[in-house]
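The following note sets out a few points on the packing and the side-chain contacts of the model.

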Amino acid sequence: MDTAMNYERAKQWILAEDRFTPESLGKCESVMCLGNGYMGLRSALEEEYVNEKRDLFIAGTFNKFDESEVTELPNAADVTSMELHLKSERFSLESGRIESYERFLNLKTGELVRNVIWISPRGKRVRLTFKRIVSMKRMHVIAQQVSITPLNRDMKIRLRTGIDGQVTNSGAQHFSEVEKRFYDHKYMQYVSRTTESGITFVTNSAVKREGFGSGEEGRIGMGRRHVYCDYEWDAAMDETVTFEKISNVHTLRDLEHAGRTVQELQEESVRELQEALKCGYDILARESAAAWEEKVWSRARISIDSENELDELAVRFAQYHMAVMTPAHDERMNIGAKGLSGEGYKGHTFWDADIFVLPYFTFTFPETARKLVKYRYLTLPGAHKKAQENGYAGAQFPWESAWYDDGEVTPAFGDVDIVTGRPQTIWSGKIEQHITSDVVFAMWQYYQAAGEQAFMDDYGYELLFDTAVFWASRLEYSADDGKYHINNVIGPDEYKEHVNDNAYTNYMAWWNLNKAVSCYEELSEEKPGLLGKLSEKLNLESYYEKWRELAGKIYLPQPGADLVIPQDASYLTLEDIDLTKYKEQEEVLLIYRDYNAEQINKLQVSKQADIMILFYLLENYFTDEVKKANWNYYEPRTLHDSSLSLSTHCILANDIGDRDMAYSLYQKSLNIDMGPFMKSSDGGIHSASIGGIWQSVVFGFGGVRILEGNLRIRPSLPKKWRKLSFHLNWHGQDLFFTVTKESVKIENRTRVKAADIEIAGKAYQVFDEIEVSTER
């Protein structure tokens, strides 16, 4: 397949593009995006092209374009574009000739670099180097550096650059212009405000030429939603002209600016820009790289000694993007399904964040995990509203969430129905209800790993009880079998809509209710005062006995004679078809070219893991024989058309002992974003897949799991791997694991208290260091 991606420098943490391909700009804009959790900057080139997406997102700044659309992250004013003329010829890689080209992202330092030798249509030969960072040290700062060297003649360099507020979200303009101005003829400022949510943005930029002071005056100009400067420099042949552009973005939604006026923010942000400009690009880049090491890599580095260097690069790619897309600074926001790398899914948070991404932070950065779980607590009012609108009690979490008090933000319609020609109804926001249990499961996992009782007392128990109240109102009694059922839902497999008794949904609701019962009983004995407060708030006394009854009578689909558990009440009765061409597809969702959603609903075909993820999350409730039987039945019928699917199957393949299949699925999961298909990430990277890569390594091949509150490791390394090492944080202890095919070595680097760990079926206490043989 034709691809511009190059991974030959994997050992140097380098993700590279080795040629310019304008028809596939979106791929590298996404996979090479920059960010720091506060902002995400899509890596569009400095010069502009027709197929580009110049996106800059500030986490949590949601806005509605109009009442007919749902809220989305607005594309903030662009600061990275540069119009370059070299002796009257405009620099564009679509004209002239490219003699050499490379663009690469250093995952370790967060720096994006592009090197080009370009020959203009009139024969001018020039070397250009572009560098860019979003600072991990200074949350609001973007820095760029450009070096230009004429190679065969003298030339005049002309630059126009500024702050462009004309950008949109695919045509939707989310901002009103408030003010634009210059300070001292050097510092550009653009003030805008979101049209519906009323969030003020203040964006600043300035340019300086290397060796010419802290700022440089150009010819200033303004246009509609645009402020800019023109600069000119003379460059002799073989002389390098280097200039830098430093920008920053602040909003009045930022916690640090609470209570400030717009004028105060304008003045403070300009002072910050001036300070950053004095430092210059090289210092800003060095301090940002140091911050990456301090904040991310020193605490969570993973090493894989493999015959395939891409295996290690992939997990570092995943960790890089999880750092880039996670708003660790503010508990009022969460992780989007595309992170901060593109307009896909409008910046909304799904169950992807709780089940696929949160575990990484739970086990490595518990302080960040705490904020992500706290976000779900803060969204309880929206969950109450959704439950009430649907005729239920308690907390029913939105399928898609945005700002913490937005409530349900799932769009009503999606892509075209190939049969009717009309937009398809998106039912997930109405009937995909398993997310309510998913949120609680993720919270409980955080509590078990962090061991933070104060969090449970302040937030966790209320989340747990409130969701159990919802399930108590949601379950439907059937006199036919004396059981309680959950009808008309979508399970994780979104190719099956309006089904009854989806196994995953029922089992997770059952787990949710059982956990509520056990915690109620525990609190009644150990913390009756806390239980009293929660009972008064949630009327728990009227629910406790109901929870016990429901937990004992909820219908849980059971294995048949062949040990296969029905995915839902009708799945096993549906038509079987030959899925070969869809299983072998290079693109996802190709089945929609032959069938519409209603037709797919009548076939034995699954979009993604459904029963399989149940075996992963509730591992100890099912036998190995049941897991294998269901794998053999459902995996051939699963198209992996969701980015959530491959990592789950990778982990389960390890659990059932098929290391070759597990490694094959791991390789496929890497290709979702890093792979050769150059259109796979146009809308942004796939957050769940990114989190799934880490889970495949640590939970799959590393064999790490929490079972009944205990930490377990049962590794199963692929044949190509000689050694795997990784960090985990367990009850406040920094544990460093080194896994080979022969042994597990664990070093407790905190050494404040012993860590209880089950290794290969035996219990150990690790206070300092231990090595255990795993050979059978």
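**Notes on side-chain packing**

1. Arg181 is placed over the face of Tyr183, 3.9 Å from the ring centre. As the model is a predicted one, this placement, like the points below, is computed from predicted coordinates. A further arginine over a ring is Arg749, which lies over the face of Phe736 at 4.1 Å from the ring centre.

2. The largest nonpolar core holds 217 residues, and the members that touch the most others are Phe465, Trp547 and Tyr666. Helix 10, spanning residues 503–526, is the element that gives the most to this core, contributing 13 residues. There is also a second, separate core of 14 residues, and Tyr183 is included in it, together with Ala143, Leu277 and Ala285.

3. Leaving aside residues up to four places away in sequence, Trp547 touches Phe465, Ala468, Val469, Ala472, Leu513, Ala516, Val517, Tyr520 and Leu540. Phe465, one of these contacts, is itself among the residues named for touching the most other members of the largest core.

4. Aromatic pairs number 46 in the model. One of them joins Trp694 and Phe699 in an edge-to-face arrangement, with 5.2 Å from centre to centre and 75° between the planes. Trp694 counts as buried because its relative accessible area is 1%, under the 20% limit. Phe699 is likewise buried, with a relative accessible area of 2%.

5. A single aromatic cluster is formed by Tyr345, Phe350, Trp351, Phe356, Trp399 and Tyr504.

6. Which cysteines are paired? A search of the whole structure returns zero disulfides. Cys33 is in no disulfide, and the nearest cysteine sulfur, belonging to Cys28, is 11 Å away; a disulfide would require the two sulfur atoms to be within 2.5 Å. Cys33 is buried, at 1% relative accessibility. Cys650 also counts as buried, at 0% relative accessibility.

7. Is Asn671 buried, exposed or partly exposed? Asn671 is partly exposed, because its relative accessible area of 38% falls between the 20% and 50% limits. Asn671 occurs in the loop that runs between helix 18 (659–670) and helix 19 (687–701). Glu239 is 432 residues from Asn671 along the chain, and the C-alpha atoms of these two residues are 42 Å apart.

Definitions and conventions
Residues numbered from 1 in each chain as written. Predicted model: local features only at pLDDT ≥ 70, side-chain atom pairs only at ≥ 80, totals over all residues. Heavy atoms only, no water. Helix = DSSP H or I, 4+ residues; strand = E, 2+ residues; numbered from the N terminus. Buried < 20%, exposed > 50% of the residue type's maximum accessible area, 1.4 Å probe, protein only. Core = buried A, V, L, I, M, F, W, Y, C linked by side-chain atoms within 4.5 Å. Contact = heavy atoms within 4.5 Å. Phe/Tyr/Trp six-rings, centres within 6.5 Å; stacked < 30°, edge-to-face > 60°. Lys NZ or Arg CZ within 6 Å of the ring centre and 35° of its normal.
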